[in-house]
Amino acid sequence: MVSTLDRRKLVSLNLPDQISLQVTPEQFAQLAIANRDLRLERTATGVLIVNPPTGGETGKRNLNLAGQLSYWFEANDNLGEAFDSSTGFELPNGANRSPDASWLARERWESLTQEEREGFIPLCPDFVVELRSKTDSLKKLQEKMEEYMENGAKLGWLIDPQNKRVEIYRPGQAVEVLQNPDTLSGEEILPGFTLSLKRIFPV
């Protein structure tokens, strides 16, 4: 027997930029469980952000980025834990964020309970990467990178393939901008990690 709810047609809700939805942390957790195909984020003030699935080119770049980080992680798993873009973090300021790639030092990961590890990780990663897609607002991504730094991140990369540009964020320092670099260094945060941008920047 089909219920009334089952017979209803699902519709999408499009929100203009000037209108926002406010959700509590508890509501956000329920939304994330009910919409696993979407990357949902929540600002520190409770505004819900819906990130739809990526297109093919961005998906390829994300895979390459995650693959290179995973390869380094496998050889250095004693140093910490690496995470893909589906991982949610609850930052100290209350925001829920999902970087395109991230890493957390071993001692910080091991300080978490099993329950904390299975839910939104209640920490800011030590290392974060945001990979700009064609539809992403550069200003909003820059604001997100600053938020990571303010909440405890030690190194962040904002990679902009369209313009072959990388912004490097470090706490308490001016943003370093690189134009068309071949590689990026994990510095002392991820010792020995070098990201090749060959398959991330368009030819």
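Strands β6 and β7 are paired in the antiparallel sense through 3 bridges. The structure described here is a predicted model. Within this pairing, W103 lies opposite F127 of β7. Strand β6 (residues 101-105) is also joined to strand β3 (residues 80-83) by 4 bridges, and these two strands run antiparallel. There, G80 has A105 of β6 as its bridge partner.

Strand β6 is mostly covered, with 5 of its 5 residues buried. In a regular strand, side chains alternate between the two faces of the sheet. In β6, A101, W103 and A105 point one way, whereas S102 and L104 point the other way, and all are buried.

Helix α6 comprises 13 residues (residues 138-150). At 1.5 Å a residue, α6 should span 18 Å, which agrees with the 18 Å separating its end C-alpha atoms. The buried residues in α6 are L141, K144, M145, E147, Y148 and M149. An α-helix has 3.6 residues a turn, so residues three or four places apart point the same way. The cover over the buried residues of α6 includes β1 (39-42), β5 (96-97), β7 (127-131), β8 (155-160) and β9 (165-169). After α6 comes G152, which has a positive phi, near 120 degrees.

The protein chain as a whole contains 6 helices and 12 strands. Of its 203 residues, 41% count as buried. Among contacts in the protein chain with a separation of 6 or more, 53% involve residues 24 or more positions apart. The protein chain exposes about 12,000 Å², of which carbon and sulfur atoms supply 51%.

Conventions:
Residues numbered from 1 in each chain as written. Predicted model: local features only at pLDDT ≥ 70, side-chain atom pairs only at ≥ 80, totals over all residues. Heavy atoms only, no water. Expected span 1.5 Å × (residues − 1). Buried < 20%, exposed > 50% of the residue type's maximum accessible area, 1.4 Å probe, protein only. Contact = heavy atoms within 4.5 Å. Areas by Shrake-Rupley, 256 points an atom, 1.4 Å probe, with all protein chains shown as cover. Pairing = 2+ DSSP bridges.
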